[in-house]
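Reader: I am new to this structure. Please show me how to read its features one at a time.

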Amino acid sequence: MGEAVEIFHINSFLSSKFDHHDDVLIKSNVNGNINHEDIDGSGSWYEETIDDDLKWSFALNGVLHKGVSEFQEIALLDTKRFGKVLVIDGKMQSAEVDEFIYHECLIHPALLSHPKPKNVFIMGGGEGSAAREALKHKLLEKVVMCDIDQEVVDFCRRHLTVNREAFAHDKLNLVINDAKAELEKSSEKFDIIVGDLADPVQGGPCYQLYTKSFYEKVLKPKLNHGGIFVTQAGPAGIFTHKEVFTSIFNTIKQVFNYVVVYAAHVPSFADTWGWVMASDEPFSMNAEKMDRKIEERIDGELNYLNGALFMSSATMNKTVSSSLSNETHVYTEEDARFIHGHGVAYCN
């Protein structure tokens with residue numbers, strides 16, 4: 001008879017199919033604090049629900065941190081395949097071994113498309129990886145990272161050693177606040193604004209920051225002339241792109257004159273991921289020009305992005321292209337779309 005397997009459901013922080021670790025796990029669930037010393041990694045799995053009929057599982061070495069902040073459920077897992085993994089509201093946000101794909105795609109195209117970026121405002125980004133990539137740009141004088149959740153920022157600073165230099169960088173201004181409120185009160189304008197937000201889930205803290213009214217009334221007025229906005233836009237796979245990707249694109253298209261979509265496969269997400277970049281000035285970029293700017297402007301090597309890759313990533317397949325062209329939904333607070341899952345507010 002096979003050994004029982006422990007499966008951690010992060011959204012509810014319940015464990016099922018307990019084996020001889022029952023007492024530890026039950027106690028840990030009550031206290032809301034499991035650490036990797038409590039659990040023998042062999043036979044332990046994290047399971048994420050992708051949809052009602054689809055799940056994605058990871059073998060674990062252990063659980064480094066889990067808990068519930070004021071805004072969201074948080075877990076930091078040590079997985080066998082993907083290293084340290086950050087999970088918020090039951091959704092993987094990044095994995096140690098391949099987060100560079102997501103963050104290089106999020107940050108560098110916008111910064112390289114701007115003629116001379118001096119400052120950046122990052123909405124979210126509490127793990128520090130987006131700031132790390134932005135700080136590679138020699139032209140930048142200031143990076144503002146604004147995350148709503150102090151607890152996320154604190155444990156990422158402790159556990160994600162790859163970003164320690166970024167958190168300590170003298171060009172980084174770390175702000176703990178709601179990004180909307182921070183932009184509304186700020187008198188400063190920015191060359192680049194980045195949306196490194198959690199996915200829009202029902203009851204989560206971020207979905208209002210994907211709405212037309214936010215883009216139009218709050219975000220766009222805080223861009224300098226020629227400024228660029230870029231946001232992560234959720235799954236963009238052949239089966240998943242209609243969840244939020246096409247809607248976010250169509251919403252941003254109502255606000256900005258020029259909009260570019262691009263996508264890349266992220267192995268730990270088990271899907272293709274999408275980004276939307278927008279400006280009121282046209283984008284002028286080719287592979288050779290991007291490679292030249294990478295060489296001139298960026299301190300250090302990129303692991304994923306180059307000019308040819310970006311040009312190809314901005315070409316959607318026929319199905320996704322058709323969906324983008326035909327999308328009519330505009331994201332509003334009253335008519336929002338969500339990916340599968342629920343945030344703390346919904347659960348409460």
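Author: Start with contact, which means heavy atoms within 4.5 Å. By that rule, and leaving aside neighbours within four places in sequence, A336 is in contact with Y207 and Y331. The model is a predicted one, where local features need pLDDT of at least 70 and side-chain atom pairs count only at pLDDT 80 or more, while totals for chains, interfaces and linings use all residues. Residues are numbered from 1 along each chain as its sequence is written, and side-chain values use heavy atoms, with hydrogens and water left out.

Reader: Where does A336 lie?

Author: Helices (H or I, at least four residues) and strands (E, at least two) are DSSP runs, numbered from the N terminus. A336 lies in the loop between α11 and α12 (344-347). A336 and V201 are 135 residues apart in sequence, and their C-alpha atoms are 9.6 Å apart in space.

Reader: How many helices and strands does the chain have?

Author: The chain has 12 helices and 14 strands. Among its contacts with a separation of 6 or more, 66% are between residues 24 or more positions apart.

Reader: How do I read burial, and what percentage of the residues in the chain is buried?

Author: Buried means under 20% relative accessible area, exposed over 50%, and partly exposed in between (1.4 Å probe, protein chains only). Of the 348 residues in the chain, 55% are buried. One case is E99, in helix α2. E99 counts as buried because its relative accessibility is 8%. Not counting residues up to four places away in sequence, E99 touches S94, S129 and R132.

Reader: Which residues of α8 are buried?

Author: They are F245, T246, S247, I248, F249, N250, T251 and I252. Helix α8 (residues 245-253) has 8 of its 9 residues buried, so it is largely enclosed by the rest of the structure. The buried residues of α8 pack against α7 (212-219), β12 (223-235), β13 (258-266), β14 and α11 (318-326).

Reader: What is a nonpolar core, and which residues have the most contacts inside the largest one?

Author: A nonpolar core is a set of buried Ala, Val, Leu, Ile, Met, Phe, Trp, Tyr and Cys residues joined through side-chain atoms within 4.5 Å. The largest has 50 residues, and those with the most contacts inside it are L77, I122, V143, V194 and W275. The largest share of this core, 8 residues, comes from α2. Leaving aside neighbours within four places in sequence, W275 is in contact with residues including Y102, C105, L106, F245 and Y262. Apart from this core lies another, of 41 residues, among them A179, F190, V244 and L324.

Reader: How do I tell a pocket from a cavity?

Author: On a 1 Å grid over the protein atoms alone, a cavity is a set of points where a 1.4 Å probe fits but cannot get out, and a pocket is an open set with protein on both sides within 12 Å along at least five of seven lines; lining residues have an atom within 4 Å of a point. Grid points are joined across faces, edges and corners, and a volume is the space filled by probe spheres set on the points. The largest pocket holds about 460 Å³ of space. Its lining has 24 residues, of which I50, T240, F269, A270 and D271 lie nearest its centre. The strands β3 (44-51), β4 (54-68), β7 (91-95) and β14 (271-279) each supply at least two residues of that lining. The largest share, 4 residues, comes from β4.

Reader: How do the lining residues of the largest pocket divide by class?

Author: Ala, Val, Leu, Ile, Met, Phe, Trp, Tyr, Cys and Pro count as nonpolar, Asp, Glu, Lys and Arg as charged, and the others, Gly among them, as polar. The lining of the largest pocket divides into 12 nonpolar, 4 polar and 8 charged residues. The second largest pocket has a volume of about 220 Å³, and its lining divides into 3 nonpolar, 2 polar and 6 charged residues.

Reader: How many cavities of 30 Å³ or more does the structure hold?

Author: There are 3. The largest cavity has about 340 Å³ of space. It is lined by 27 residues, of which G125, D147, D196, L197 and A198 lie nearest its centre.
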